[in-house]
Every structure is written in C-alpha cells, then in structure tokens.
Amino acid sequence: MMKSPVYGLLLLLALILPPAANLLESIMITHMHMQMPLLVISGLFMAKFFQNRFPGFFSKWNENGVPGLLLFSIIMVYWSLPRTMDEALTLTSVEVFKFISLPFLAGVPLRDSWPKLSSFWKHALIIFFTILFLALGWLYIWSPVQLCNNYLVIEQITLGWGFISTAFAMVVYLIYSYFMDFSKYE
Amino acid sequence: MFPKNRTILSSLLVLMFGAVLFYIGTDGFQAFTAESARVNQLMDEKPQFPDVTLEDNNGRTYSFSEFEGKYVFITFLYTSCGTVCPELEVNMSEVYKQIPEDYIGHDIQFLSISFDPERDDPKTLDTYRKAFGSDGETWRMARIPDKQELKSLLDRFGVIVIPDEYGNFAHNSAFYLVNPKGQLIEVMDYTLTEEAADRVTEILLSGREE
C-alpha cells in the first residue's frame, strides 16, 4: 500500500539524474512527450503519500475535484508553450520549476481529483486536451518559423505529429466511450 | 461551513496562480517563444558590439571600429547554408535597394557576418557576395577568424547557432541595426523587408537632423 509513493520518488530521482535528463531533453519529442509525462506519472504515484499525510487538506479544498483538475490543466498548458520548453534548457530556474511543478502541481492533483470527478468533467478534460493537442500539432507542423531556438525545425515537425497522433488516440477513446456503456463492466 | 463555496474559492486561487504563472512566464503576455523574448530583451539592453577583428571579402582585416560614425545593418550567415541564409541575403539586398542612395556608404554600412570562419574564407565570401548584388564596399561580407571573439559577439547579440549532423547549422535569423556608437538598437523581422527599409530610413533621417 505504501509502496507506490516510494516508486514515484525513485522515478522522479531517476529522471532528475543529469544523464537521463540530458538524454530525454536532447530530442524535442522525448522532452515533451516522454520526460514531461513521466514526471506527471511520478506525481501520480507519490499522491498517496500526500493524501495520507494531509487528508483534511485534500477533502476540504478539492472536495469535488475541480480545483485539482484546473491546476493540472494550467501546469500542462504552461509546459506546452514553446518558450518554457526552450528556457528549461537554458535557464536553471525554469528547469528546476519543471521538475517540481509537473510531479507535485500536476500529477498529485490529478490523482486526487480523478476519482472525485463526474463523468462530465472527465470528458471535458479529455475534449479540452484533444483540442489543445490538435492546435499545438497544427502550430508546430505548419508554423513558418522555428519556434524553439534550441531545436531543429525537423524536430519541431516531429513533435507536431506526436501531438496530432495523441489527439487522434483521444478522439478514438471519446468515440468508444460514447458507444460503450462502461457501467456494465464495473 | 460552505463546502461548495470552498471549492469555488480554491478554484479561484488556482486560476489566479495560473494567471500569475503565465504573466511571469511570458513577460506580461508579450513573449510566447524564446525568440520573441530574446528580441525584446535585446531592444531593452542595447548591447555594445564587441571590438572584434573582421576579415572581409577582399581579405582586408580591420576592427569593428572601422565603421564608427555610421549605422551598420548586420545579418549573420554561413555560405554553405541552403535554406534560410540565401533568403536572408536576398531580403537584405531588397532592403539595400530600398534605402535612399545618398545614405549608402556615408550614413549606413551593410555587413554580412559569417559564423563559419573555417569554410568561409575571403575567396568564398567574395564569390557568395556577387550572387546577391553586394558591391563588397558599402555592403561587405566578413568572417571573424578568432573563435573566442566570434563567440562573444554571438552571445551578446543572442544569435544561437546549433550545428546539425550534416555539417549545417540551425540558427535564428534577423536584421540587426547598430548605431554610430556601436550599440545594437533594432532587431527586425528579416521577412518584412519593406517595414525594415522604412524603419532604417526613418532612423537615418532623424540621425541626419541631429
């Protein structure tokens, strides 16, 4: 029961190790679509520790899960800006903020919020990220300029297609959940 | 006491945090890419052109103070570049043609600086300049042979150059204008030649009036 926060912490520490961080950051798409989600996942694992430690805080301030959902969305959108990704590579303070904000301000609140959310909010979140990812994919693929100074244009286009594929997967899920009645299996 | 209101309150706090975060992260909703942040910062700082030694298309060497008392219109390039640089230089020649002729050479100097000094020797630069209608005098192409000096200039002007695996470089491009005292005063979009020419002419005109 208390093991998953330990695994989460180990994952976070492994991601912070300079060789691992440098490897993932050397390619644009692994920076955004591997390192950043893994940081969020480490937060998902660690959430139990905080929930057990401060049960009152989460049940009072995140009772219906919406504040946590908003916090998660804000942090994710922030890290989708071309500038923040660039500056994580050139400014140490931004890099440190990345390793703190993604696990603790995105992963932890998402874990706490998800079971509390009604299916309306869950679908709203997936629809929001589908639209966001389509827009970002469009931006990175068809932008006439190089958006990030630290990456080549070809990497920018690869990242754009990564966004489009992820959005496509989410659309498939939404269609599937529209036609399926999950309650039959629960 | 009002559990419903409490989540509204915490949602509001989260939204405020988000607004502050985005405000700080984008310099007050001004700069969403590192490039626009760089340009804004350069225009604020007005960095001084370091005193580097240039070697131009005629093989002449001189320091940047050679151009003291003139505005200098600068681009950064390397001649083996097949993508942005030719476009950048074509656009530079557009600006060159649009500036009233009597300013050229007296009030303003055009200068293309190569950041690939190993391949871009004076002979290569001389061949390259002809392709873009540069006369080699009022518009010169030069390299900075000293690596340390080149790096100090690129750092100060925020030019980021990344070599890729095919012997090419990825780099950010812009038009730079340095004033007669050697300070960088304008960083302009290299795709908008008319705007750049208008802006430069305006600055030259006000420079003459002073």
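This report walks through chain A as a whole and then a listed site in chain B.

## About the model

This is a predicted model, where local features need pLDDT of at least 70, side-chain atom pairs count only at pLDDT 80 or more, and totals for chains, interfaces and linings use all residues. Residues are numbered from 1 along each chain as its sequence is written, while chains are lettered from A and ligands numbered from 1 in the order in which they are written.

## Chain A in outline

Chain A has 9 helices and 0 strands (DSSP runs numbered from the N terminus: H or I of at least four residues for helices, E of at least two for strands). Its C-alpha atoms fill a box of roughly 45 × 40 × 25 Å along the principal axes.

Of the 186 residues in chain A, 38% are buried (20 or more other C-beta atoms within 10 Å of the residue's own, with C-beta atoms placed from the backbone).

## The listed site in chain B

An unreviewed UniProt entry lists C81(B), C85(B) and H171(B) under "binding site" (positions follow the numbering used here, feature names are shortened, and annotations may be inferred rather than shown by experiment). These residues span 91 residues in sequence, yet no two of their C-alpha atoms are more than 10.4 Å apart, so they gather at one spot.

C85(B) sits in helix α3 (residues 84-98) of chain B and is buried, with 21 C-beta neighbours inside 10 Å. H171(B) belongs to strand β7 (residues 169-171) of chain B; H171(B) is buried too, with 21 other C-beta atoms within 10 Å.

Notes: Buried ≥ 20, exposed ≤ 12 C-beta atoms within 10 Å, placed from the backbone.
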